[in-house]
Amino acid sequence: MSIEKLVVVEGVAAPLALANVDTDMIIRIERLAKLPRADLGRYAFEPLRYRADGSEDPAFVLNRQPFRDARILVAGANFGCGSSREMAVWAIAGLGIRVIVAPSFGEIFFANCFQNGVLPVVLPAPTVARIASRLEAEPAAAHMTVDLERCEICTDWGETLAFAVESLRRRMLLEGADELELTLAREPEIAAFQARDRERRPWVYGNG
Amino acid sequence: MTGRTLFDKLWDDHVVADLGDGVALLHVDRHLLHDLGSSSAFHDLERRGLVLRNPELHFATADHVVSSATGRTGGVADWADRHIAGLREGCRRWGVRLADVTDATQGIVHVVAPELGISQPGMLVVCGDSHASTNGALGALAWGIGTSELVHVMATQTVLARRPQRMRITFDGRLSRGVEPKDLALALIGRIGAAGGRGYAVEYAGEAVRAMSMDGRMTLCNLTIELGGRIGLVGPDDATFGYLEGRPFAPRGAHWERALDAWRALPTDADAVFDHEVAFDAGAVTPQITWGTSPAHTIGLGERIPDPAACADPSERQAMTAALDYMGLAPGRPVAGTRIDRVFIGSCTNSRLSDLERAAAVVRGRRVAPGVVAWVVPGSQLVKRAAEARGLDRAFREAGFEWREPGCSLCVGANGDMVAPGERCVSTSNRNFVGRQGPGARTHLASPAVAAACALAGEIIGALPETAA
């Protein structure tokens, strides 16, 4: 069992410079409750992407060329705030997006990204705002390369931006390694912890 | 050695392996399961040929997709029943305790876990729901996790976590009459923002917290995720211990005495240092109502809707403009007097007995305004029965409220309960996000007393009536 590796992502970057895009906006609960994972991409950003009659809102960035095929999203602060629903990441990944660049992320969403081979990149707010407006102004130059090996983003206009990722998470994404496999190998440590803890806090393990 | 915070003690007590860089493998004392997501986690566990390691440390209930209609036995449709069946099947197969749809202990997972004594001080508690932070009110280290992490917890009874920084929010003074923990939390989020707590484990302290009931502390910790923090905490004290004693899953006999000794050592040491401290005057807080689509979009009942033009940050300004457009409101106008269609009293934020008592005190002997559909959805069967024993159900029903069956209901709209497009709902829940209560639904977050008073007025009120406690 492994996640999809992520080493270099090249593709169109789409600007979505809206603060506090929450998980309900990313995927509605009704969709995730009713639909299989493979169908969620169609409903990602549903209230932004579609009008009340179900037709696409041509003003929404991911409905416009060249952003329709984006692999990288340049987003606003606190992106993915709200619920723990991992389906929010599944929905975005279902659109083909593998990298999300934002000044900050909702914490649970951030963690869920790494579980699903999606790289969340934190850059300073002014930098993200500048990139987003340039993408908006020059869609023809919306191509970007995100290199996790080098921890660099290269823009079409020749800018190189360094970013930081926690080393364990970076290694796991590069290798496509699965967190659970690593922990299963630590079973003796878990058993030893519980043996000690049962002595120390017996009430945790049973009533009596 | 300098002192440690409550958070530090909780974290240190659960380290199975230190992986460096602030990453640790932590032992999970309680995993709380619900009906949305558990089915898929059980499925993944099985697909990978893994075993649920410690079934005695897992507790399940059905809340997200269950119908809230009187006489319900499951969901409102096949897809909902499939989630419930998956939960039931997984629990049966692995021997996990389940408070099923028609059981006497069923309810919203974050209401049930404290009231049954399942979550306790000193424990590490996780749940596939972001409002797991609620359990921090007991002095437990609790946070919400995603589906992949659920499988990890099931198979290994551990979670891989990054040590957050520590923030203490000290509420000086006491809440004024009619001002509730919900108002305090909204006012706080309004001041420091929906991301103000991001990266932090937030401990709530100060006079207002000490004076607060356990229900109120749960409301406060519940809303920590709307402040951007995954973890909310209140140091356990006699109120905590008094609350827990005698609850079905609380320690008993010699275990109770040993647990008490351990719990009394948990509160933050006097010389402990936090990474960030916030002082907040609880006495100055007034009853709140949200006007926009983030819990940070909050104002006092008598105040005017803010103007995005006055906001310096362009992305925030854009979000405010979009919020006003979605909410159908104009900047600069008083929020009071805005007509409403629905009122929802419920959710893991505000559906406990004392919440319902405050709302009932407002509606008793009065009538819901014509055209307003008002619901009360108690947080659990235990809350419901206790409320009925006090005649609260009668007060609500006679006023024209519907008295429904426990679950998440209109807070999240996962069970078919929804607010129609364009309709306006005053809700005691936790999120006023776009589409949260249904596509196009307009949500105003408020306390139970404010929501109840709005139901009677048929509009957003400008001040609480005298009947509010």
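# Exercises on a two-chain predicted model

The buried residues of α7(A) are covered by, among others, α5, β4 (119-122) and α8 of chain A, along with β1 (15-20), β2 (23-27) and β8 (158-162) of chain B. Here, contact means heavy atoms within 4.5 Å, and helices (H or I, at least four residues) and strands (E, at least two) are DSSP runs, numbered from the N terminus.

Some ground rules: this is a predicted model, where local features need pLDDT of at least 70, side-chain atom pairs count only at pLDDT 80 or more, and totals for chains, interfaces and linings use all residues. Residues are numbered from 1 along each chain as its sequence is written, chains are lettered from A and ligands numbered from 1 in the order in which they are written, and side-chain values use heavy atoms, with hydrogens and water left out.

**Exercise 1.** Find out which residues of α7(A) are buried, and what comes just after the helix.

*Step 1.* Buried means under 20% relative accessible area, exposed over 50%, partly exposed in between (1.4 Å probe, protein chains only).
*Step 2.* A:Leu168, A:Arg169, A:Met172, A:Leu173 and A:Leu174 are buried in α7(A).

**Exercise 2.** Is A:Glu159 buried or exposed, and what does its side chain hold on to?

*Step 1.* Locate A:Glu159 in the loop between β6 (152-155) and β7 (160-162) of chain A.
*Step 2.* Its relative accessible area is 18%, so A:Glu159 is buried.
*Step 3.* Now look for polar contacts: pairs of N or O atoms within 3.5 Å; within protein, one must be able to donate a hydrogen and the other to accept it, and residues adjacent in sequence count only if both atoms are side-chain atoms. The side chain of A:Glu159 has such a contact with the side chain of A:Arg130 at 2.8 Å, and another with that of A:Trp157 at 2.7 Å.
*Step 4.* Leaving out residues up to four places away in sequence, A:Glu159 touches A:Arg130, A:Ile153 and A:Cys154.

**Exercise 3.** Work out the strand order of the five-stranded sheet in chain B, and its edges.

*Step 1.* Two strands pair if DSSP finds at least two bridges between them.
*Step 2.* β5 (97-99) and β7 (141-144) of chain B are the edge strands, each pairing on one side only.
*Step 3.* Zoom in on one pair: β3 (residues 30-33) and β4 (residues 58-61) of chain B are joined in the parallel sense over three bridges, and B:Leu33 sits opposite B:Ala60 in β4(B).

**Exercise 4.** Describe where chain A meets chain B.

*Step 1.* Count the residues: 61 of chain A are in contact with 78 of chain B.
*Step 2.* Get the buried area, the accessible area (1.4 Å probe) that two parts lose on being put together, summed over both. The two chains bury about 5,600 Å² between them, 55% of it on carbon and sulfur atoms.
*Step 3.* Check for salt bridges (a side-chain nitrogen of Lys or Arg within 4 Å of a carboxyl oxygen of Asp or Glu). The rule finds eight across this interface. B:Arg162 forms a salt bridge with A:Glu166, their closest N and O atoms being 2.7 Å apart.
*Step 4.* Ask which helix leads on the chain A side. The largest share of the side that touches chain B, 10 residues, comes from α9(A).
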